[in-house]
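Let us walk through a protein chain step by step. Keep the structure in view as you read.

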Amino acid sequence: MIFYKEERCGMFIDGANLYAAARGLGFDIDYKRLLEVFAGRGRLIRAFYYTALIENEEYSPIRPLVDWLDYNGYTMVTKPTKEFTDAFGRRKIKGNMDIELAIDVMEMSEHVDHIIIFSGDGDFRRLVEAVQRKGVRVSVVSTMRSSPPMVADELRRQADNFIELQDLMPHISRSRDAGPQQQQVAAQMKDVAQNLETTQEEIQDVA
């Protein structure tokens with residue numbers, strides 16, 4: 001990873017995309033460790049996490065994760081999902097956060113030197129190009145090693161720096177050798193991850 005200690009950094013995490021990438025590689029992310037890794041690379045100004053919420057249910061499985069991240073250094077950006085019926089009469093739920101992420105990246109590009117986007121979505125290629133013209137460096141975090149690969153080739157080529165998620169795995173995966181407090185957090189996050197799996201399978205990340 002190419003980082004400079006004095007550069008101001010901003011993290012922008014597409015929650016559904018990062019979850020799918022980590023799942024494709026067979027590990028669960030420790031979000032506390034993830035924040036620490038990138039906070040140690042430069043001056044981390046803000047870490048945004050984007051996710052849709054199924055609000056019409058009595059209990060949203062993703063809500064514990066949202067609350068935990070909100071209290072532990074992340075800026076949460078959420079919106080309700082929308083339900084629709086496809087051409088085959090099947091119930092679908094969509095929760096695309098691309099616009100919210102793109103707007104925040106453009107706004108924050110005036111205040112940071114380095115933007116880290118946690119997504120492999122090729123739709124962000126034009127966004128990356130736009131902020132690069134402002135003199136901001138852009139790193140993309142995703143994976144080419146899942147089957148199928150999670151990162152679009154055009155996005156990987158446009159980025160100044162591509163960070164392979166699998167290479168980060170030793171530093172950001174949930175550790176089994178942890179102290180009592182960390183074990184408690186890990187147990188809570190395991191329950192969250194199991195609930196998140198069900199929710200993300202229901203949510204279609206479509207426009």
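Which residues are buried in helix H5 (residues 125-132)? They are Leu-127, Val-128, Ala-130, Val-131 and Gln-132. Buried means under 20% relative accessible area; exposed means over 50%, and partly exposed lies in between (1.4 Å probe, protein chains only). Helices (H or I, at least four residues) and strands (E, at least two) are DSSP runs, numbered from the N terminus. The buried residues of H5 pack against helix H4 (98-108), strand S6 (114-118), strand S7 (137-142) and helix H6 (153-158). Contact here means heavy atoms within 4.5 Å.

A word on the source. This is a predicted model: local features need pLDDT of at least 70, side-chain atom pairs count only at pLDDT 80 or more, and totals for chains, interfaces and linings use all residues. Residues are numbered from 1 along each chain as its sequence is written, and side-chain values use heavy atoms, with hydrogens and water left out.

Now step back to the whole chain. It has 8 helices and 9 strands. Of its 207 residues, 47% are buried. Take the contacts between residues at least 6 apart in sequence: 70% of them join residues at least 24 apart.

Next comes the sheet. It is open, has 6 strands and runs in the order S3-S2-S1-S6-S7-S8, with parallel pairing. Strand S3 (75-80) and strand S8 (161-164) stand at the edges. Each has a single partner strand, so one side of each is left without a neighbour in the sheet. From one strand to the next, the twist averages 20°. Two strands pair if DSSP finds at least two bridges between them. Strand S1 (residues 8-14) and S6 pair in the parallel sense over 5 bridges. Gly-10 has Ile-115 in S6 as its bridge partner.

Helix H3 (residues 63-70) touches strand S2 (43-53) and S3, and its direction makes about 165° with that of S2. Helix H7 (residues 165-172) touches S7 and S8, at about 55° to the direction of S8. Axes are lines fitted to C-alpha atoms, for helices over the stretch in contact, and angles run from 0 to 180 degrees between N-to-C directions.

Finish with one residue. Ala-21 lies in helix H1 (residues 15-25). Is Ala-21 buried or exposed? Ala-21 counts as buried because its relative accessibility is 1%. Leaving aside neighbours within four places in sequence, Ala-21 is in contact with Thr-143, Met-150 and Leu-165. Just after H1, Gly-26 takes a positive phi of about 80°.
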